[in-house]
Amino acid sequence: MIQIENATKTFGQGDSAFTALRDVSVDIAANEFFTLLGPSGCGKTTLLRLIAGFEPPTKGAILLSGSDISRLPPNQRPVNTVFQNYALFPHMSVAQNIAFGLEMLGKPKAEIAKTVDEMLRLVRMEELKDRRTSEISGGQQQRVALARALAPHPQVLLLDEPLSALDLKLRKEMQIELKRLQSETGITFVFVTHDQEEALTMSDRVAVMNAGRILQVGSPRDIYERPSERFVANFIGESNFLDAERIGGDVTLAAGGSFAAAVPEGVPEGKVSVLIRPEHIRVRGGQPEAGELSAKVETVVYSGDATTLHLRLATGEVLKARMANAPDSDAAVPAEGQDAAVSIAPGAVTVLRD
Ligand SMILES: Nc1ncnc2c1ncn2[C@@H]1O[C@H](COP(=O)(O)OP(=O)(O)OP(=O)(O)O)[C@@H](O)[C@H]1O
Ligand SMILES: [Mg+2]
């Protein structure tokens with residue numbers, strides 16, 4: 001539905017020119033919950049502003065359902081935006097805020113009233129409809145901002161870190177609400193966040209960005225379990241990076257043991273860096289048997305649902321292992337200072353492009 005073709009955005013000119021997006025290409029499907037994930041300053045808001053039409057691309061094109069909209073002003077695009085600060089009108093009521101965009105479009109009164117009621121129901125704000133938006137909570141303001149953006153029935157909704165001002169509990173609730181709203185309305189969502197957990201739990205697909213580029217696009221499972229490069233692996237979840245030697249699809253760790261590994265395109269044979277997630281590692285006290293690595297337990301940290309061990313391998317490399325806790329699992333966890341045998345789950349080794 002949305003195609004971004006080789007979009008580059010440069011701000012300023014000459015010595016003060018700054019390129020915020022470099023040759024970004026991505027296709028976003030209709031009805032998709034698509035997330036742009038990356039650190040501060042990587043270009044997420046800039047890309048949203050290009051889609052919304054607040055900025056033209058310096059090079060490249062933005063297409064909507066096949067037609068080039070790169071030069072179309074924002075109000076002529078079937079796209080709406082929820083800004084990070086919500087930008088509500090504080091002196092107006094909840095209902096007036098939601099009606100505002102529809103009045104601007106010159107919709108008939110009866111139709112506006114009907115849509116406002118529908119939106120109030122959708123975001124569960126019927127009871128507060130006459131309250132001023134300066135007199136409601138942050139989470140409620142968030143829902144009004146959403147309702148206002150959804151009211152004109154845009155084909156695409158752009159959401160720029162809409163949950164970042166909320167506390168953790170409310171944020172979790174709103175994540176579920178947003179998912180519900182997206183599937184009920186069938187609107188394509190392009191959601192921006194720098195929170196990797198939020199991206200993984202909410203999205204159909206995620207684009208991981210850094211320094212003005214999209215590094216990888218995939219399902220949450222793809223980018224978590226099969227990151228193509230070190231930046232992506234490091235940015236998402238906890239990671240172990242180990243030295244290894246690759247021949248074809250087989251990898252031999254410097255610390256010992258050979259594994260079949262996933263290999264992204266463009267990685268040469270020979271010395272490589274591999275990723276192993278901490279929860280894909282099993283540890284037991286004692287000496288290694290065939291297929292296990294030998295290690296010494298350096299620290300054991302209990303954190304409720306799991307226990308994290310730092311293990312020193314024969315190469316001097318440190319390996320983090322995360323074991324889920326169960327009522328009877330305490331006895332299975334080796335103690336600090338003990339020798340341990342480490343096994344790695346089949347399929348857990350991923351070769352990274354550096
Ligand atoms: N109008 C502008 N003029 C010059 N530089 C800009 C302008 N807008 C953005 N930039 C720069 O472009 C880069 C990307 O900015 P952008 O706002 O897209 O980042 P972001 O990924 O949204 O970051 P954050 O997570 O902090 O919101 C930043 O380095 C920023 O300083
Ligand atoms: Mg931003």
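This is a predicted model: local features need pLDDT of at least 70, side-chain atom pairs count only at pLDDT 80 or more; totals for chains, interfaces and linings use all residues.
Strands here are DSSP runs of E with at least two residues, helices are runs of H or I with at least four, and both are numbered from the N terminus. Two strands count as paired if DSSP finds at least two bridges between them. Within this pair, Leu 36 of the one strand is opposite Ala 207 in strand 9.

Strand 9 also pairs with strand 10 (residues 213-218), this time in the antiparallel sense and over five bridges. Here Val 206 is opposite Gly 218 in strand 10. Strands 9 and 10 form a hairpin with two residues between the strands, and in this hairpin Ala 211 has a positive phi near 45 degrees. In a regular strand, side chains alternate between the two faces of the sheet.

## The site of ligand 1

A residue is counted as near a molecule if one of its heavy atoms lies within 4 Å of it. The residues around ligand 1 include Phe 11, Phe 18, Ala 20, Pro 39, Lys 44 and Thr 45. By class, this shell has five nonpolar, five polar and two charged residues. Ala, Val, Leu, Ile, Met, Phe, Trp, Tyr, Cys and Pro count as nonpolar, Asp, Glu, Lys and Arg as charged, and the others, including Gly, as polar. Strand 2 (18-28) and helix 1 (44-52) each supply at least two shell residues, and helix 1 gives the most, with three.

Which side chains place a polar atom 2.5 Å, 2.6 Å or 3.4 Å from an oxygen atom of ligand 1? They are Ser 40 at 2.5 Å, Thr 46 at 2.6 Å and Glu 161 at 3.4 Å. A polar contact is a pair of N or O atoms within 3.5 Å. Ligand 1 exposes 640 Å² when taken alone, and the protein buries 60% of that. Accessible areas come from the Shrake-Rupley method with a 1.4 Å probe.

## The whole protein

The protein has eight helices and 20 strands. Its C-alpha trace spans about 80 × 50 × 35 Å along the principal axes. Of the 354 residues, 46% are buried, meaning under 20% relative accessible area. The accessible surface comes to about 16900 Å², and carbon and sulfur atoms account for 50% of it.

## Conventions

Residues are numbered from 1 along each chain as its sequence is written, while chains are lettered from A and ligands numbered from 1 in the order in which they are written. Local features need pLDDT of at least 70, side-chain atom pairs count only at pLDDT 80 or more, and totals for chains, interfaces and linings use all residues, with side-chain values based on heavy atoms and hydrogens and water left out.

Note on methods: A polar contact is a pair of N or O atoms within 3.5 Å; within protein, one must be able to donate a hydrogen and the other to accept it, and residues adjacent in sequence count only if both atoms are side-chain atoms. Buried means under 20% relative accessible area, exposed over 50%, partly exposed in between (1.4 Å probe, protein chains only).
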